[in-house]
Amino acid sequence: MKTSNKVAISAAIILAGLPAISFFLNKNAASRCKSDITECLRTMSSDTVRVVCYQGPKATPGLLYVRPLRHRFGSCINLNIEPEVSLKGDTLSISTDDPSAIYQGTIRLLNLCEARLNDTVISFRPVKKLPTDSIPADTVTAAHPEHKPLK
């Protein structure tokens, strides 16, 4: 076999074979991760997460903002690191090995009662749910007489 043929076959293996192998390995890892994330997102959207356990070398209230929501829409988890996430019952467990002292991110969930950041436990009072019509109709018409109440 000529040297040019050997070089061409080697180039084909390197330029086509290695990216194909990498693609299939990453695709399998992504499909496993997708099922875990889908379950976590489904539970977050159903508002059943009551406790967040966050474990990491720099997990402190100053570097991570964890609070319950005051209104119905806007639950979010926005992290600046790559954590491992698991969900058991009403507890969302997040663990990371990131030793950097950067701002870790934000966790805001609707029915959150407790956050555990390493050894620090933060308890939240239950948020009172306001009715959809929290302003009485007579207050609206008294404040704006040109507007007529809806019937």
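Okay, let's start with F24, which is exposed, with a relative accessible area of 53%. Why do I call that exposed? Because the cut-off for exposed is over 50%, and F24 comes in at 53%. Keep in mind as we go that this is a predicted model.

So what does F24 pair with? F23 is the partner, and the two make an aromatic pair. The structure holds one aromatic pair, and here's how that pair looks: the centres of F23 and F24 are 5.4 Å apart, with 70° between the planes, so it goes down as edge-to-face, where the planes have to be over 60 degrees apart. As a reminder, two numbers describe any pair of aromatic rings: the distance of the centres and the angle of the planes.

Have a look at the hairpin, which is formed by β7 and β8. β7 covers residues 114-117 and β8 covers residues 120-123. They run antiparallel, and four bridges join them. At one end of the pairing list you'll find L117 standing opposite T120 in β8, and another pair to click on is E114, whose bridge partner in β8 is S123. How many residues sit between the two strands? Two, and N118 in that turn has a positive phi of about 55°.

Now stay on β7 for a second, because E114 shows up again: V51 stands opposite E114 in β7. V51 belongs to β1, residues 51-55. This time the sense is parallel, with four bridges between β1 and β7.

Next, the other sheet I wanted to show you. In what order do its strands come? It's β2-β6-β3, an open sheet of three strands with mixed pairing. The edge strands are β2, at 64-68, and β3, at 76-79, and each of those pairs on one side only. From one strand to the next, the twist averages 10°.

Let me zoom in on one of those pairings. β3 and β6, which is residues 105-109, go together in the antiparallel sense over four bridges. If you want a residue pair to find on screen, take I77: its bridge partner in β6 is I107. And while you're looking at strands, remember that in a regular strand the side chains alternate between the two faces of the sheet.

Technical notes: Residues are numbered from 1 along each chain as its sequence is written. This is a predicted model: local features need pLDDT of at least 70, side-chain atom pairs count only at pLDDT 80 or more; totals for chains, interfaces and linings use all residues. Side-chain values use heavy atoms; hydrogens and water are left out. Rings of Phe, Tyr and Trp (its six-membered ring) pair if their centres lie within 6.5 Å; planes under 30 degrees apart count as stacked, over 60 as edge-to-face and the rest as tilted. Buried means under 20% relative accessible area, exposed over 50%, partly exposed in between (1.4 Å probe, protein chains only). Axes are lines fitted to C-alpha atoms, for helices over the stretch in contact, and angles run from 0 to 180 degrees between N-to-C directions.
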